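Hi,

Here is the structure I promised to pass on. Have a look at it first, and then read my notes below.

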Amino acid sequence: MPPAHHSRPQVLYVEDHPVNVQLMQALFAQLPSLELTIATNGEDGYQAAVKRPPALLLLDLNLPDCHGTELLKRLRGQPVLSSVPAIAVTAADVQQLQETTFLEVWQKPLDIPSILKRLDQLLLGRSSSFFAEAPWGMKSKPMAALSAFAR
């Protein structure tokens, strides 16, 4: 049986901007059944994901040491991470994501109520119909109706 601290689904957020990290930490404080792990660059994110594969990847695109799409390709090269759902969290142009395996895009500034609902659906199983409609590896899709915070 795994240790108690590993019983909650883990989300790995790779983001270098401190304000965005604080926002995500505050958001996850509202979902105590999920565990948030932070990495501030692509290499640390890669190492954290390999060491302990998360249930969900949240990747900023403009990281200090690589682009988020490059990190995602590298993560997909690890069999244990090949099917972990990944979401781009970015203020960048998302046209370049059409040929990636990002499940969807959360555009900054973030829409907190929509993200809370989405995390609930993705990781806490409150909407099982989602899995039938959106298999992992689908093309990116922007979320609708976005509101405030850091870029």
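Which residues of helix α3 (residues 68-76) are buried? They are G68, T69, L71, L72, L75 and R76, where buried means under 20% relative accessible area with a 1.4 Å probe, protein chains only. Seen down the axis of α3, these residues fall within an arc of 155 degrees, so they line one face of the helix; the arc is taken from the directions from the helix axis to the C-beta atoms. Their cover includes β1 (10-14), α2 (42-51), β3 (56-59) and β4 (86-90), going by contact, or heavy atoms within 4.5 Å.

A quick word on the model: it is predicted, so local features need pLDDT of at least 70 and side-chain atom pairs pLDDT 80 or more, while totals for chains, interfaces and linings use all residues. Residues are numbered from 1 along each chain as its sequence is written, and side-chain values use heavy atoms, without hydrogens and water. Helices (H or I, at least four residues) and strands (E, at least two) are DSSP runs, numbered from the N terminus.

Back to α3 and its neighbour α2: their axes, lines fitted to C-alpha atoms over the stretch in contact, come within 10 Å and cross at roughly 25 degrees. That makes α2 roughly parallel to α3 (angles under 35 degrees count as that). On the α2 side, G42, E43, Y46, Q47 and A49 meet L71, R74 and L75 of α3.

Then there's α1 (residues 18-29) with α4 (residues 112-123): L23, L27 and F28 in α1 touch I112, I115, L116 and L119 in α4.

Cheers

Terms used. Buried means under 20% relative accessible area, exposed over 50%, partly exposed in between (1.4 Å probe, protein chains only). Axes are lines fitted to C-alpha atoms, for helices over the stretch in contact, and angles run from 0 to 180 degrees between N-to-C directions. Angles under 35 degrees count as roughly parallel, over 145 as roughly antiparallel, 65 to 115 as roughly perpendicular and the rest as oblique.
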